[in-house]
Amino acid sequence: MTTSSNAKATESINDNLSSGVPSHSRNDLERKLLRKLDLRMSIVIVLHALNFVDRTNASSARLAGFEQDLRLQGNQYATILSIVYVGYILMQVPANMVLHWLERPSILIPGTMVIWGLVSTLAGATKNYTGMLLARLFLGFVEGPFFPGIVYLISGWYKRDEIAVRTTLIICGSVLASGFGAVFASGILTAMQGKLGQAAWRWLFYIEGGASILVAICAFFILPDFPHNTKWLTPEERALAISRLREDGINELENRTTMQGLRDAVCDWKVWWLAVALFSQFVALSFVIYFPTIVATLGYDLTNTLLLCAPPWVFSTIVAFVISRYSDKTRKRFIFLFPSNALAGVGFIISICTMNTAARYFSIFLMAQISAAYMVIWGWINNIFSGEPAKRAVAIALINGLSQIGNIVGAYVWPINWGPTYRYSYAICFSALGVSTAMLGVMFLHLKRVNEQIERNERDTKDKNNLPNPVGFRYLV
């Protein structure tokens with residue numbers, strides 16, 4: 001959004017940049033800036049966990065009479081799971097375009113969270129299939145702006161070799177919610193049955209929706225905006241935050257409009273290629289929304305089933321953090337996401353081949369490693385579209401929105417009549433994972449060739465100002 005105040009702020013920042021960062025050592029000031037920013041951004045881990053919990057709590061509720069109380073039949077449960085992604089997909093691009101225009105994520109993101117917390121709470125009061133279907137549909141519309149908005153916010157602060165680990169720290173909120181959300185649900189479903197005449201699964205919606213509202217209120221005062229308009233930055237920190245991004249080939253003050261960014265993103269084939277690759281990745285990830293059901297095939301009771309959901313995701317989070325850390329350190333992406341997908345593929349194969357309890361539980365640990373690849377992929381997407389904020393905002397939303405169709409398809413990959421083996425389901429996930437990994441491999445080879453061309457251009461050109469990219473810029477591959 002262009003205003004006279006923004007123009008003055010930009011002019012002031014440019015003056016600071018031209019005179020250099022005064023007083024302190026740049027390295028000391030940069031470490032201080034990152035510590036301050038990381039501390040405030042850490043609340044996003046909780047926000048993302050609650051975003052995931054409110055979107056998937058029906059999976060835990062299913063084990064406590066959810067289907068029976070709402071008198072669900074046939075594919076109605078799968079439709080309730082998938083309908084949330086209709087609004088979720090439709091809101092991605094418009095929401096990120098508005099975010100780029102208004103430049104106020106500290107208001108827009110918590111604001112949508114308050115609304116989705118309220119919707120999730122009210123969903124617990126529905127009496128039939130139609131009521132729950134409408135509640136879940138609306139939930140998707142208000143949850144849609146969150147993830148692309150957060151990814152875009154991260155890309156507006158961190159350099160390309162800092163993004164993967166930050167993306168991992170934020171996405172790990174949803175990964176941990178896959179496990180500990182089930183543990184939390186176990187406590188509610190065990191302790192709250194019949195309280196005030198309400199079924200335990202209804203209390204699950206009330207409590208988790210209420211928690212989202214409370215945390216969102218805190219987020220209004222914690223989340224940053226962008227470097228040029230965040231009020232709690234000192235002038236030195238503001239100048240440094242912008243200059244370090246410019247040095248990394250990212251110009252957060254470029255003047256392309258939101259509509260120009262939309263056109264640029266739509267016309268870039270890489271956006272569509274990555275959207276299809278992530279679509280396949282989400283089909284492979286469909287086991288996550290049925291995770292309690294899958295763990296229940298091990299044969300344990302409700303409480304133990306939900307408790308057993310946690311360890312695979314704790315282990316997966318640790319591995320994901322290590323992988324993303326080294327991905328940033330080495331400035332490489334594909335070489336780290338490929339092994340994660342390969343381990344998940346092995347997990348799918350084991351589950352296809354055996355019903356042995358120990359082997360199946362081990363395979364679940366392997367399947368959970370797919371989350372590490374997912375986190376590195378998002379760090380990579382941010383890198384690929386790092387240069388133009390308007391285009392990046394739309395590209396992130398378009399890729400995430402289109403890829404979420406995979407969640408709609410995935411909701412129907414696990415019909416109850418395929419259980420308890422779910423061999424066909426695992427086979428579909430394995431095939432989708434192969435397609436995704438192959439497409440990402442093609443992107444790796446393409447960007448590698450592009451980097452070679454950039455290097456040749458820099459070597460052969462006489463006027464460095466005519467280069468399309470800053471000198472030294474390379475895509476991270």
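Author: The largest cavity has a volume of about 310 Å³, where a cavity is a set of points on a 1 Å grid over the protein atoms alone at which a 1.4 Å probe fits but cannot get out, and a volume is the space filled by probe spheres set on the points, which are joined across faces, edges and corners. Please keep in mind that this is a predicted model, in which local features need pLDDT of at least 70 and side-chain atom pairs count only at pLDDT 80 or more, while totals for chains, interfaces and linings use all residues. Residues are numbered from 1 along each chain as its sequence is written, and side-chain values use heavy atoms, with hydrogens and water left out.

Reader: OK, and how many cavities of 30 Å³ or more are there?

Author: The structure holds three of that size.

Reader: Back to the largest cavity, which residues lie nearest its centre?

Author: Those are F52, S174, F282, L285 and Y374, from a lining of 19 residues, and a lining residue has an atom within 4 Å of a point. Two or more lining residues come from each of α3 (43–61), α5 (76–102), α9 (163–191) and α19 (370–384), with helices being DSSP runs (H or I, at least four residues) numbered from the N terminus.

Reader: Which element gives the most to that lining?

Author: That is α9, with four residues.

Reader: Switching topic, is S327 buried or exposed?

Author: S327 is buried, because its relative accessible area is 0% and buried means under 20% (exposed is over 50%, with a 1.4 Å probe and protein chains only). S327 belongs to helix α16 (residues 310–330).

Reader: What does the side chain of S327 make a polar contact with?

Author: The partner is the side chain of R333, at 2.7 Å; a polar contact is a pair of N or O atoms within 3.5 Å, one able to donate a hydrogen and the other to accept it, and residues adjacent in sequence count only if both atoms are side-chain atoms. Leaving aside residues up to four places away in sequence, S327 touches A164, K332, R333, F336 and V376, contact meaning heavy atoms within 4.5 Å.

Reader: And F221, where does that lie?

Author: F221 sits in the loop between α10 (200–219) and α11 (235–247), and F221 is exposed, with a relative accessible area of 66%. The C-alpha atoms of F221 and G419 are separated by 47 Å, the two residues being 198 residues apart along the chain.

Technical notes: On a 1 Å grid over the protein atoms alone, a cavity is a set of points where a 1.4 Å probe fits but cannot get out, and a pocket is an open set with protein on both sides within 12 Å along at least five of seven lines; lining residues have an atom within 4 Å of a point.
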